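Welcome, and please open your viewer.

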Amino acid sequence: MELANIEKLLDKYLDAETTLQEEQTLQEYFTSNDVAPHLQEYSMMFGYFKQSKDETFTKTIQLEPEKTKKNWKWLSVAASVVLLFSLFMGNEEYKKHQQRKQFAQIKEALQLVSVNLNKGNDALYAVSNNLKKGNDAIEHLGTYEETVNKVINTVN
């Protein structure tokens, strides 16, 4: 094969642009005995490639046993259970909070009713005292009238 053609193929090979046929041509040229002296360094490389192509590895390779995959399904189930539990507990706490809030509103309303009832009771006590004074005055008048009648009867 022409030396110029081999040099062009070698440049293409070094630029990783050769086809398999072109690489086979280079392999044949560099493994032959008539290699140009300035390309002699490449003959060792192609010789190595040819030799390593025929090598086989005969020892057995001990592979590590496959690691068992962790079962992430259980983790998602556990997370779901925790989420549901926290929602349940949160809902219970929310209900307690609402009950405390309603209790405070009812307590405030009852205190307001109590204040107004106390005002009404004070007014009733005042009326009751006035009625008692009126009854006492009527009784006193009744005794006065009896006394007047006795005096009139004795004078007659």
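This is a predicted model: local features need pLDDT of at least 70, side-chain atom pairs count only at pLDDT 80 or more; totals for chains, interfaces and linings use all residues.

Residues are numbered from 1 along each chain as its sequence is written, and side-chain values use heavy atoms, with hydrogens and water left out.

**Stop one.** Select Thr18, in the loop between helix H1 (3-14) and helix H2 (20-31); helices are DSSP runs of H or I with at least four residues, numbered from the N terminus. Is Thr18 buried or exposed? Thr18 has a relative accessible area of 15%, so this residue is buried (under 20%, with exposed being over 50%, using a 1.4 Å probe and protein chains only). Now show the side chain of Glu23: a polar contact of 3.0 Å links it to that of Thr18 (a pair of N or O atoms within 3.5 Å, where within protein one must be able to donate a hydrogen and the other to accept it, and residues adjacent in sequence count only if both atoms are side-chain atoms).

**Stop two.** Move to Glu22, in helix H2. Which side chain does Glu22 meet in a polar contact of 2.9 Å? Select Lys12 to see the partner.

**Stop three.** Go to Leu141 in helix H4 (residues 72-155). Leu141 counts as exposed because its relative accessibility is 53%.

Note on methods
Helices (H or I, at least four residues) and strands (E, at least two) are DSSP runs, numbered from the N terminus.
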